[in-house]
Structure formats: C-alpha cells, structure tokens
Amino acid sequence: MIVNLERRKQQQDTMGSDPMSALSSTKPTPIPTQEQDEQDSPSSKALLSFSTDSSLSLSSSPSPSSCSQKALFIILILTTCVALSASFAFAFLFFSSKPLPPNPSPTHTPSLLSRPLTKLKRPVVILVSSDGFRFGYQFKTPTPHISRLISNGTEAETGLIPVFPSLTFPNHYSIATGLYPAFHGIINNRFKDPLSGQEFYMGSHDPKWWLGEPLWETVVKNGLKAATYFWPGSEVNKGPWTCPLSYCMHYNASVSFEDRVDAVLGYFDLPSDQIPDFMTLYFEDPDHQGHKVGADDPQITQAVARIDSMMGRLIKGLEERGVFEDVSVIMVGDHGMVGTCDKKLIFLDDLAPWVDVNVDWVVTHTPVLAVRPPSGYDPKEVVAKMNEGLRSGKVENGKFLRVYLKEDLPSRLHYSASDRIAPIIGLIEEGFKVEQKRTKRQECGGSHGYDNAVFSMRTIFIGHGPQFARGRKIPSFENVEIYNLIISILKIKGAPNNGSASFAQSVLLPAA
Ligand SMILES: [Zn+2]
C-alpha cells in the first residue's frame, strides 16, 4: 500500500510536470538555439580536425616532385581557406544564436542592482492575494496585467507551494507570519481547542487563537504604518496593532473588488508621511467559483480575467500617481484547486467492521481527516484498525486514504507540533473526499486542502518592484518565505519564523 501511494505520488508529480512542459513549450525558450549550438559544434569540429589531419599527413609524407608539392600546397591553402571560412561562419552562427534574454525589450534589461525610488521616500509593499488562484490559471485566458507583472518582475516559475493543510486561513496566516500552521495556531479553517473545548471558526478574532507575529504587527512595531484591506487575522488586536479605523477594513465580502483597489490607491493620495509602508489587498476569487465548478470551467476563466482587470486597475492607479515603479507589488494566492466529481468518496462508516469511528470523534472530515477519539481509546490502536480496513480492499476507495498518528506524518508537512492538531490525521488523495456515511447528496465541484506536495494545490507568486529583477524566474518555494522577503524589502526587523534567512537575499536585488 505504501508502495502504491508512493507510485501514485510519482505519477502525480509526473502528471504535474507534463502540463508545465507543455506550457513552457509555448514560451520562447533557449532550447532550440542550444540544440542548434550542439548541431553546429560537432560539424565545425569535424572540419577543423579534417584540416589538421591533412596538414599533419602532408608534413609527414615525403613528396616525390616539386610539381606535386605545388599542387598539394595549393590544395592545402584551399583547404585551410575553406576551413577558416567555415569556422568564421559557424562562429557567427554560434554568437548570433545565443539564447536571448527572456524579455529582449529595453525595459526588460536585467539589472544587477535594485532600482532607486523616484517619488516615494520609503519602500512600500502591496501584498495582493487572489484566493484559490491555482498555478496555471494565468494561461487560461489573456491576462495582460498579470503578464506585465511577470515579464517585468520575478515569478516562481512552477508556482508557490502552500503549507499543509492547503486551506485558506492556515495559508494566509502563514504568508503573514512566516510560520507553519502548527506554530501560528491556525491549523485549519475550523478546529476545537482540546483544553478549553472552544471552537475556532473563520470569524474568531480573539487574539488567543492567532499566534506568531503577522506582518502588520511587525511593521507597526518598527514604527511604520500598515493598512489591511482584508486578510485572515488582520482584524485581530496583536501588540501595537489595534486594527485602526481607516487602516484596517473589517471583512465584508459584499465590498466590490473595484472599491478595494481604489481604497488602496487612495492611500497614495495621503501626505507622504502617512502613506502606509505595507498594505494588503484580498480577493475571494477565483476560489469562490472553484468550489462550485472545479478548476476547469468557463466560470474560472471569467474569474481569472476579472482578477487580471483588477490588477490592471491597481497598476493604472499607481501609474497615474507616478509610483508604480517605486511600489513593490507582490501577488500571491493561498492554494490551488482540484475537481472533486466522479464519486471519489470514502465513507468512515464503511470501517465499522474494523473500528467504529464515531462522528463525534471527527473534528473535520475533509480534505484533512482529523480524528480525536475520546479518552479511553488508544489513538495508535484506532490508527492501526482504520488502516487495516482501508487497506483490506473491502472499503470503497479505501486505498486513497491513509491515516497517521500526527507525529508519524511525513516531517515535510510540519503538522504535529500543536495540541490543536488532532492526534489522528488522514491524508486523502487528490480529488477524493471523506464523508461519514452514504447520502443521496451528489456533490460535484472543487476542493483544496490536500497534501501540499500535490501540484494542483500550487498557486502563484509574482514580485514586481525596485528590488525584483525583471523577467526573472525562480524555483518554487513555500509561502513561509514571504514574511522575510517583505521585511527585507521594508528594511525592518522581523520576528523569528520558519522561513530561511538566506531566501530574501537570493531573490531580491542588492541595494544600488
Ligand atoms: Zn483560499
């Protein structure tokens, strides 16, 4: 079973890389010219070696007459001329076929140093989240404004990796704190504190739930200004951050995207010392549509086009104020999306012959199965019985769920170091769902929350601004790195976190 799971993972990885290679093949890449170089080199080498060999053979062989020597000399001269002209021709071809930079226009010329601010007095970061913007959505439809940010900025070439579980609240708060959910406390969109018995839900603003130090708190601690136009956790009072009126919007899904963008732009009309140094901007789309219709539907295409137009509105507004090139715009998503149709369901009641997983034990069914058996039950025994049933071949789709004691989960998930995480965690294969019992409900749509190694859970990362190289592609990375990236742009001191100290330095251009 383990082998099967691993094989499936490998298949997923391969499947994940296929669309990428297909996509990248539509972009200008240096591959053809490299092939051209390879074709060129051996032939030019062959010509040169022919010339060398003939001259060697000539010098080493005695000549019977001066006439034949002359003839040979002429042949040698001719051969040398042919070889030399061929060499020049191939040298020309070689240099003229060098891979072009990704963006050959003058504005895309790579710079080794960060570009100086022209209007703003200090660096400003706008962190934009498009919820559920799966990596690859940018190819569904023309996205001229997002493309502009990509071609003039730095992009995670194969997407941004969410933290596990690939859910909205854990991921937005990981982006804001640089911490894995086990450390920032928001381990799911909904969970129960085992000590107090109290339940966390997405509207919980009590600071006791929200651990770590989010960016808005760090910014204020450093004597700078922050403004949040929606972000999970931003309404929570933390340290010097008190969610101040007019700099901290209370979540209201009915506010139009246009109003959100315009409000952020409005901050740039303030006197320079009042412009927030860090701002967030949040859009619910295309997650909103993805849950209803899955990742591949015209509704998603429309939602992506709308998000692109909002990015266009933001860019235009910044340009009108003369600050677009000064502001660092970081566009991210929190996770991807995958279709959940085709009756990919696993029912816990089917495990009854092995163990009765009572509905009251289950904290969340899907896409992360979290089970907290009452005292008197040994979690280890429950895990063993559940896996026995799932692997028996008698439970429908059982092989697509594997249950772990949380401390036995793969360490790459970083999902055990919190009492809030239930003792038993089930990893569900991409696109499957766990339910308690069979119902007549026919649910078909999209979901996320799965293992963050699954490619469909990836989202986007684009950085555009004075410290981002133009047209640069960087390898995929986990979103816990973004905290350090932003404090580095703002030149402020951050709180300890799970990001790596060297990441910002490896991505950002050094100071001019
Ligand atoms: Zn989300």
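Tutor: Let's start with proline 367, which sits in the loop between strand E10 (362–364) and E11. Helices (H or I, at least four residues) and strands (E, at least two) are DSSP runs, numbered from the N terminus. The model is predicted, so local features need pLDDT of at least 70 and side-chain atom pairs count only at pLDDT 80 or more, while totals for chains, interfaces and linings use all residues. Residues are numbered from 1 along each chain as its sequence is written, and side-chain values use heavy atoms, with hydrogens and water left out.

Student: What makes the bond between threonine 366 and proline 367 stand out?

Tutor: The peptide bond there is cis, with omega about 0 degrees. Phenylalanine 164 and proline 165 are also joined by a cis bond, omega near -5 degrees, and proline 165 lies in the loop between strand E2 (154–156) and H5.

Student: On to the metal. Which atoms count as donors to the zinc ion?

Tutor: Asp131 (OD), Thr168 (OG1), Asp334 (OD) and His335 (NE2) coordinate the zinc ion at 1.9 to 2.1 Å. Donors are N, O and S atoms within 2.8 Å of the metal (3.2 Å for Na, K and Ca), and water is not among the atoms, so sites may look incomplete. Along the sequence, the donor residues are spaced D-x36-T-x165-D-H.

Student: Why is the zinc site called tetrahedral?

Tutor: The angles among the four donor atoms run from 97 to 133 degrees. Four donors count as tetrahedral if all angles lie between 85 and 135 degrees; four are square planar and six octahedral if opposite donors are over 155 degrees apart and all others between 65 and 115, and anything else is irregular.

Student: Why do aspartate 334 and histidine 335 count as buried?

Tutor: Buried means under 20% relative accessible area, exposed over 50%, and partly exposed in between (1.4 Å probe, protein chains only). Aspartate 334 has 0% relative accessibility, so it counts as buried; histidine 335, also at 0%, is buried too.

Student: And why is aspartate 297 called partly exposed?

Tutor: Because its relative accessible area is 22%. Aspartate 297 is in the loop between H9 and H10.

Student: How do you know that aspartate 297 caps H10?

Tutor: A side-chain oxygen of aspartate 297 lies 2.8 Å from the backbone nitrogen of glutamine 299, at the N-terminal end of H10. A polar contact is a pair of N or O atoms within 3.5 Å; within protein, one must be able to donate a hydrogen and the other to accept it, and residues adjacent in sequence count only if both atoms are side-chain atoms. Beyond the other end, H10 is followed by glycine 322, whose phi is positive, near 70 degrees.

Student: What span does H10 reach, and what is expected?

Tutor: H10 (residues 298–320) has 23 residues and covers 33 Å from first C-alpha to last, close to the 33 Å expected at 1.5 Å a residue. The expected span is 1.5 Å times one less than the number of residues. Among the buried residues of H10 are Ile300, Val304 and Leu318, and the buried set packs against elements including E1 (124–130), H4 (144–151) and E7 (327–332).

Student: What makes a group of residues a nonpolar core?

Tutor: A nonpolar core is a set of buried Ala, Val, Leu, Ile, Met, Phe, Trp, Tyr and Cys residues joined through side-chain atoms within 4.5 Å. The largest has 56 residues, and Leu127, Phe278, Ile330, Val332, Phe461, Leu485 and Ile486 touch the most other members. H12 gives the most to this core, with seven residues. Apart from it lies another core, of 44 residues, among them Phe133 and Leu318.

Student: Which residues does phenylalanine 278 touch?

Tutor: Contact means heavy atoms within 4.5 Å. Leaving aside neighbours within four places in sequence, the partners of phenylalanine 278 include Val125, Trp216 and Leu490.

Student: Why does isoleucine 460 count as buried?

Tutor: Its relative accessibility is 3%, so it falls on the buried side. Isoleucine 460 and alanine 156 are 304 residues apart in sequence, yet 6.9 Å apart C-alpha to C-alpha.
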